[in-house]
Amino acid sequence: TEEKRREIVAKAWELFKENGFERTTMSDIADRGAGSKATLYSYYNSKEQLFAAALEQVIRDPADEVFAYLTQPGKLKARLLNFARAMLKARLSEDLIAVEQALIAEAKRSELGELLRARFVQPQWRRLAAALDREMVAGHLRKADPMLATWHFRGLVEADLVERRLHGEKTITAHEIKNAAESGVDSFLRAYTP
């Protein structure tokens with residue numbers, strides 16, 4: 001059932017987050033209470049498939065909530081500010097930092113990290129590019145390459161917060177997130193307002 005599938009993915013993600021992809025086995029996941037190995041293999045043909053399902057769930061669930069801010073009515077600046085704050089909060093969460101770390105670690109060993117990044121991470125940035133493109137077409141932003149605008153937005157808003165979090169800092173405050181979002185959106189709009 002879908003409920004069982006979500007339970008398996010949640011248990012697997014706990015272990016992938018704790019031990020990394022390489023050191024987690026299907027037996028470990030079964031022992032964590034996700035079901036027998038036979039049950040796991042009836043849902044997923046391999047550990048790689050289960051890892052992909054875990055990443056998809058961890059990335060997709062917060063992304064839908066964050067992107068909702070861009071489609072709400074109101075002025076572009078307010079929508080971008082709300083989006084930027086929510087994006088930063090999600091990007092700095094334990095789960096999404098663990099995703100980044102897992103993809104980086106896996107990139108050293110195989111092509112799996114690159115494949116999963118292309119499948120689950122890049123579509124979220126293309127989703128932002130599409131939203132920015134709609135704002136350009138509507139005349140709210142100047143015409144430009146929407147993907148380049150996405151990278152500019154990301155860099156300006158994230159500042160050094162994601163890097164600090166990836167390096168183990170756990171003391172990033174709500175005030176720092178608010179300031180980074182506000183200064184990033186202001187800088188972005190100075191560059192992209194028609």
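Trainee: Which residues lie nearest the centre of the largest cavity?
Mentor: One note before that: this is a predicted model. The residues nearest the centre are I59, R91, L96, Q124 and W125. The whole lining has 16 residues.

Trainee: How much space lies in that largest cavity?
Mentor: About 280 Å³.

Trainee: Which helix gives the most to it?
Mentor: α4, with 5 residues. Still, α4, α5, α6 and α7 each supply at least two.

Trainee: New topic: α1. Where does it run, and how many residues has it?
Mentor: It covers residues 2-19, so to speak, and has 18 residues. From first C-alpha to last it reaches 26 Å, close to the 26 Å expected.

Trainee: Which α1 residues are buried?
Mentor: I8, V9, A12, W13, L15 and F16.

Trainee: Why do positions in a helix that are three or four places apart point the same way?
Mentor: An α-helix has 3.6 residues a turn, so residues at that spacing point the same way.

Trainee: What do the buried residues of α1 pack against?
Mentor: Four helices are listed: α2 (26-34), α3 (37-43), α4 (47-71) and α6 (94-109).

Trainee: Last one. What follows α1?
Mentor: G20 follows α1. The phi of G20 is positive, near 85°.

Technical notes: Residues are numbered from 1 along each chain as its sequence is written. This is a predicted model: local features need pLDDT of at least 70, side-chain atom pairs count only at pLDDT 80 or more; totals for chains, interfaces and linings use all residues. Side-chain values use heavy atoms; hydrogens and water are left out. The expected span of a helix is 1.5 Å times one less than its number of residues. Buried means under 20% relative accessible area, exposed over 50%, partly exposed in between (1.4 Å probe, protein chains only). Contact means heavy atoms within 4.5 Å. On a 1 Å grid over the protein atoms alone, a cavity is a set of points where a 1.4 Å probe fits but cannot get out, and a pocket is an open set with protein on both sides within 12 Å along at least five of seven lines; lining residues have an atom within 4 Å of a point. Grid points are joined across faces, edges and corners, and a volume is the space filled by probe spheres set on the points.
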